[in-house]
Amino acid sequence: MTQPRPLRADARRNREALLSAARQAFLGGDADAHVEDIARSAGVAVGTLYRHFETRDALIEEVYRKEVDDLCATPGVLLDQHAPEEALRRFLLLLVDHAAVGKGMSGVLESIMATDSPVFDDARTRMAGALSLLLEAGSAAGTVRDDVTGPTLLRALGGVCGMRATEGWLVEARQITALLFDGLRHGASQSP
């Protein structure tokens with residue numbers, strides 16, 4: 001299998017502009033944003049959009065995938081800047097914020113949910129892996145219990161973030177996440 005050729009600088013800029021315009025439209029709640037409007041907002045022709053993304057669903061998938069890429073790139077940065085326990089706390093809150101992003105995109109993501117796209121399975125796997133990395137670092141430092149896995153913690157957060165339809169859910173989700181975090185520290189080998 002051959003590797004795809006890297007994009008030229010102008011093509012890479014166009015692709016990034018399209019992703020940024022689509023993200024703004026979708027997160028702004030415009031689930032019906034037309035590709036023509038997205039292309040115009042990005043400053044490119046519709047043909048350019050279709051050269052990068054075969055369908056509107058492909059564009060939506062890529063916007064969501066980029067959100068997940070950005071999110072899953074943060075654990076290493078957080079661990080470089082903070083103690084493992086604090087890195088985990090911050091990442092848990094980022095996951096809650098990611099759910100808020102997902103709420104803004106829920107209308108456009110519904111079309112992908114109806115397909116057999118692997119984008120959501122991949123996202124869950126990567127987020128669970130990021131949580132596992134942080135849990136292992138906290139456990140090694142003795143500040144986080146060692147009997148919880150990334151997938152288990154992700155399922156717990158999924159339940160917390162599943163309240164998105166209720167008024168004030170984000171405040172409550174952050175409060176419940178703080179409780180989860182306290183529970184993760186309880187029973188650690190050494191006190192924080």
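**Burial, helices and core**

Reply: Gladly. Of the 192 residues of the protein chain, 37% count as buried, where buried means under 20% relative accessible area, exposed over 50%, and partly exposed in between (1.4 Å probe, protein chains only). This is a predicted model, in which local features need pLDDT of at least 70 and side-chain atom pairs count only at pLDDT 80 or more, while totals for chains, interfaces and linings use all residues. Residues are numbered from 1 along each chain as its sequence is written, and side-chain values use heavy atoms, with hydrogens and water left out.

Me: Why is alanine 25 called buried?

Reply: Its relative accessibility is 17%, so alanine 25 counts as buried. Alanine 25 lies in helix 1. Leaving aside neighbours within four places in sequence, it is in contact (heavy atoms within 4.5 Å) with Asp30 and Ala33.

Me: What makes up the secondary structure of the protein chain?

Reply: There are nine helices and zero strands. Helices (H or I, at least four residues) and strands (E, at least two) are DSSP runs, numbered from the N terminus.

Me: How do you know that the span of helix 8 agrees with its number of residues?

Reply: The expected span is 1.5 Å times one less than the number of residues. Helix 8 (residues 150-161) has twelve residues and should therefore span 16 Å; its end C-alpha atoms are 16 Å apart, which agrees.

Me: Which residues of helix 8 are buried, and why are they said to be on the same side?

Reply: Gly150, Leu153, Leu154, Leu157, Val160 and Cys161 are buried in helix 8. They cover an arc of only 110° around the axis, so they are on the same side of helix 8. The arc is that of the directions from the helix axis to the C-beta atoms.

Me: What makes a set of residues a nonpolar core, and how many residues has the largest one?

Reply: A nonpolar core is a set of buried Ala, Val, Leu, Ile, Met, Phe, Trp, Tyr and Cys residues joined through side-chain atoms within 4.5 Å. The largest has 49 residues, and those with the most contacts inside it are Ile38, Leu88 and Met127. Helix 7 gives the most to this core, with nine residues.

Me: Which residues is methionine 127 in contact with, leaving aside its neighbours within four places in sequence?

Reply: Methionine 127 is in contact with Tyr64, Val68, Leu71, Cys72, Leu95, His98 and Leu154.
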